[in-house]
Amino acid sequence: MIEQLDAIHQEALSAVAAVHDEPALEDYRIHFLGKKGTLTQAAAGMRHVAKEDKPAVGQKLNQVRQAITGLVEERAEALLAAKDATAAKGIDLTLPGRRPQEAALHPLTQVMHRGISALRQMGFTLAAGPEVETEFHCFDALNTPVDHPARNEKDTFYFADGHLLRTHTSSVQIRTMETTAPPVRIIAPGSAYRRDEIDATHLSVFSQMEGLYVAEDVSVGDLKGTLERLFHSIFGPKTPVRFRPHFFPFTEPSFEIDIKLQPKGQEARWIEIAGCGMVDPNVFAQICQSRGDDLYDPDKVTGFAFGLGLERLAMIMWGIPDIRWLIENDHRFLGQFAKA
Ligand code: PHE
């Protein structure tokens, strides 16, 4: 039987040279190692081998099986390498590669993420509302009288049925209080629409981020602290922040916020960056009426709200001179925001 095994080994050694492709290799493997292969059949002869010869024959059998298995594997590798070589023919692998262009988030998205992450750390959670709004949510509930200029058809996109495209994200304040019991602490980034002439600083669609915090005993101090911290985390902890008295129908008192920045090659100057104020008691009264309860009774809760324009923030942050660049999808502009 030893000779028989040697013969099979020899046959395998000489036959392997004729194997030139994968199907042939599979036939080869089956011929020797398959269930009815020659080696398998020879192994069946083990039971006729005398007991004392069994160890030697068994060892031989294993050697031959390993040898043939090795031949199959080597051949498989050689065939694969040959295939690779053919595929790479005519390709110069020493040439430098072409790198894919680095991707990046849009600058508006980047400022939005910065704002959101700073406010999240202060306990604010995301809220949203529809862009097609009712006059009630956009104006009436925000203490904005019918004759207010913002409600003019010249300034606001109205639909024939009386709905409108929201002119600010402040409508989300109302939507949130209508459906959520205090305390609320939300931020609402989103689009707003105004019938503005488009130029270097105006678009008819732009992005805002609204904030609202209502609880017992919310003070102007909380408002100042929160917004100072927000702008410090966006523009650096040393950036001066100031609050100027202003007017908004839905906050009292109201402020505009300026930050002092030094644009490259220019003198430091105050730049207006957001509107804010303490929620007007009339707004709370309207919410009580809409909800039919007194959870937002202006004698029980106070709150602050703020709104900032994200395009403006991005323009200040990167010194972008024209707001239209933010919506033109020009790679020469946007490509600069990719990380190097
Ligand atoms: N909604 C105001 C605007 O668009 C900003 C604002 C929001 C002011 C919240 C006060 C409070 O100009």
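**The ligand and its surroundings**

Mentor: Let's begin with the whole chain. Among contacts (heavy atoms within 4.5 Å) in the protein with a separation of 6 or more, 68% join residues 24 or more positions apart. Please keep in mind that this is a predicted model, in which local features need pLDDT of at least 70 and side-chain atom pairs count only at pLDDT 80 or more, while totals for chains, interfaces and linings use all residues. Residues are numbered from 1 along each chain as its sequence is written, and side-chain values use heavy atoms, leaving out hydrogens and water.

The protein has 11 helices and nine strands; these are DSSP runs numbered from the N terminus, helices being H or I with at least four residues and strands E with at least two. Its radius of gyration (over C-alpha atoms) is 38 Å, well over the 20 Å that the globule rule (2.2 Å times the number of residues to the power 0.38) gives for 340 residues, so the protein is more spread out than a compact globule. Along the principal axes, the C-alpha atoms fill a box of roughly 110 × 50 × 50 Å. Of the 340 residues, 39% count as buried, where buried means under 20% relative accessible area, exposed over 50%, and partly exposed in between, with a 1.4 Å probe and protein chains only.

Now to the ligand. There are 14 residues around it, and those that come nearest are His 168, Ser 170, Arg 194, Gln 208 and Glu 210; a residue is near a molecule if one of its heavy atoms lies within 4 Å of it. An N or O atom in the side chain of His 168 is 3.1 Å from a nitrogen atom of the ligand. Ser 170 places a polar side-chain atom 2.9 Å from a ligand nitrogen, and Gln 208 has one 3.0 Å from a ligand oxygen. On its own the ligand has 320 Å² of accessible area, and the protein covers 89% of that; these areas come from the Shrake-Rupley method with a 1.4 Å probe, and for residues only the protein chains shown count as cover.

The shell around the ligand holds five nonpolar, seven polar and two charged residues. Here Ala, Val, Leu, Ile, Met, Phe, Trp, Tyr, Cys and Pro are nonpolar, Asp, Glu, Lys and Arg are charged, and the others, Gly among them, are polar. Strand 5 (205-215), strand 8 (269-279) and strand 9 (302-309) each supply at least two shell residues, and strand 9 gives the largest share, three.

Next, look at Thr 169, in the loop between strand 3 (164-165) and helix 7 (171-179). Thr 169 is buried, at 0% relative accessibility. Not counting residues up to four places away in sequence, Thr 169 touches Ala 188, Gly 190, Ser 191, Gln 208, Met 209 and Glu 210. Gln 208 and Glu 210 are also among the residues that come nearest to the ligand.

Follow the chain on to helix 10 (residues 310-318): seven of its nine residues are buried, so this helix is largely enclosed by the rest of the structure. Its buried residues pack against strand 5, strand 8 and strand 9, and also against helix 5 (107-121), helix 8 (220-235) and strand 7 (251-261). In helix 5 sits Val 111, which is buried at 1% relative accessibility. Beyond four places in sequence, Val 111 touches Leu 310, Leu 313, Ala 314, Met 317 and Trp 318. Just after helix 10, Gly 319 takes a positive phi of about 65 degrees.

Two backbone details are left. The peptide bond from Pro 182 to Pro 183 is cis, with omega near 0 degrees, and Pro 183 lies in the loop between helix 7 and strand 4 (184-193). The bond from Glu 252 to Pro 253 is also cis, with omega near -5 degrees, and Pro 253 belongs to strand 7.

Note on methods:
Polar contact = N/O pair within 3.5 Å; in protein donor to acceptor, adjacent residues only side chain to side chain.
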